[in-house]
Protein chains: 2
Amino acid sequence: MAMAEEEVLLFSTWPSIYGRRVEMALKLKGIEYKYIEEDLTNKSPSLLKYNPVHKKIPVLVHNGKPVAESLVILEYIDETWKNHPILPKHPYERANTRFWAKFIDEKCLPAILKACWGEDQKEREKAAEELSKLLQFLENELKGKRFFGGETIGLLDIAANTIGYWLGVFEEAAGVSELLTREKFPRLFNWVNECCTCKCHQGKSTS
Amino acid sequence: MAMAEEEVLLFSTWPSIYGRRVEMALKLKGIEYKYIEEDLTNKSPSLLKYNPVHKKIPVLVHNGKPVAESLVILEYIDETWKNHPILPKHPYERANTRFWAKFIDEKCLPAILKACWGEDQKEREKAAEELSKLLQFLENELKGKRFFGGETIGLLDIAANTIGYWLGVFEEAAGVSELLTREKFPRLFNWVNECCTCKCHQGKSTS
């Protein structure tokens, strides 16, 4: 557990899906932290000092030591604060979690971007079709489970949260694609509802 | 330690830098495995079964269960066979290792590809310049250390091995770039020599 004298800072921006991941993990574990909103058009000297390689948010600074890259931060949080583990115990299940988190970042998120902001209708439809195939893998992963993490929310749920958000957007804007429907991905849509009511969306930051 | 009845298979191709990483880790830990050379122009039904998402090598199959993606496999190996740990113990050092491994895959390797096979001389020179800046970060990481992993070879050394190989190539083909010289990166060049004499390059596979 976080001790009283510990200092946890999170440099992020409110729209960042990657920053949101770190906030979810901190809140799930009940870690108090200070949130620092960055202006990406005018990055602070602190951000540039703490992440000189990528110069990007999110950065978690724990007792003066910075950790960058959202998935790396999630593993750091899980290894540092042991309550409410977000990675499974068994090496094989841990490998699966890491595999799918990487899949979300490297395959699904780029496809979502293209499906929403592709150059023309044709490119967007093609990306939505590709995304539909990718999401089918995640739909299968949820078979017989409440969360990707099983009965409780875990690292993969946190990583996939963005997809949940976008599925909602696609449903609202039904014109975008008929490929990403509640009928086609019943488990994913159900999972979105479960995630939205989870305690990790409640706050504990100070800013 | 691997027990006699355990079955470890590695699907790879001989030129694959990612497959080479897995072989290095298996050899470092003295794990016996069966190597299966894949023909990527005619992928085997086994590969497609074990990695239906990416349909790519390397895939490690441990007692029938497949693990894909080289960095994910390295962590799996380290968590399954505890001798000769390749990740540090402390969460902060582990986060650093993961951060730099990701940096190598997402920044350095694409820059190396462009520096070697960019469309024209101008693009190649620009990529070599970018690569030079990226390698400076790794050069700094080696300050006061024999290996990235400290006194023994670790996950980051294994991940960075490709860069070591390419540094050698750049040195041979001095025309490619004057930016990637032994004078500019003395620690990296020294590290390459240390890595080449390490026991993880000696074999234990059956095929």
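The model is predicted, so local features need pLDDT of at least 70 and side-chain atom pairs count only at pLDDT 80 or more, while totals for chains, interfaces and linings use all residues. Residues are numbered from 1 along each chain as its sequence is written, chains are lettered from A and ligands numbered from 1 in the order in which they are written, and side-chain values use heavy atoms, leaving out hydrogens and water.

Between the chains, helix α4 of chain A (residues 91–117) meets helix α3 of chain B (residues 70–80), their axes coming within 9 Å and crossing at roughly 165°. Helices here are DSSP runs (H or I, at least four residues), numbered from the N terminus. The axes are lines fitted to C-alpha atoms over the stretch in contact, with angles from 0 to 180 degrees between N-to-C directions. α4(A) and α3(B) are therefore roughly antiparallel (angles over 145 degrees).

Turning to the aromatic residues, the structure holds 16 aromatic pairs over all chains (ring centres within 6.5 Å for Phe, Tyr and the six-membered ring of Trp). One of them joins F103(A) and F137(A), whose centres lie 6.0 Å apart with planes at 85°, so the pair is edge-to-face (planes over 60 degrees apart). F103(A) is buried at 2% relative accessible area, whereas F137(A) is partly exposed at 24% (buried is under 20%, exposed over 50%, partly exposed in between, with a 1.4 Å probe and protein chains only). Both residues also belong to an aromatic cluster with F99(A) and W100(A).

In chain B, F148(B) and W191(B) have ring centres 5.2 Å apart and planes at 70°, again edge-to-face. Both are buried, F148(B) at 7% and W191(B) at 1%.

Notes
Helix = DSSP H or I, 4+ residues; strand = E, 2+ residues; numbered from the N terminus. Parallel < 35°, antiparallel > 145°, perpendicular 65-115°, else oblique. Phe/Tyr/Trp six-rings, centres within 6.5 Å; stacked < 30°, edge-to-face > 60°.
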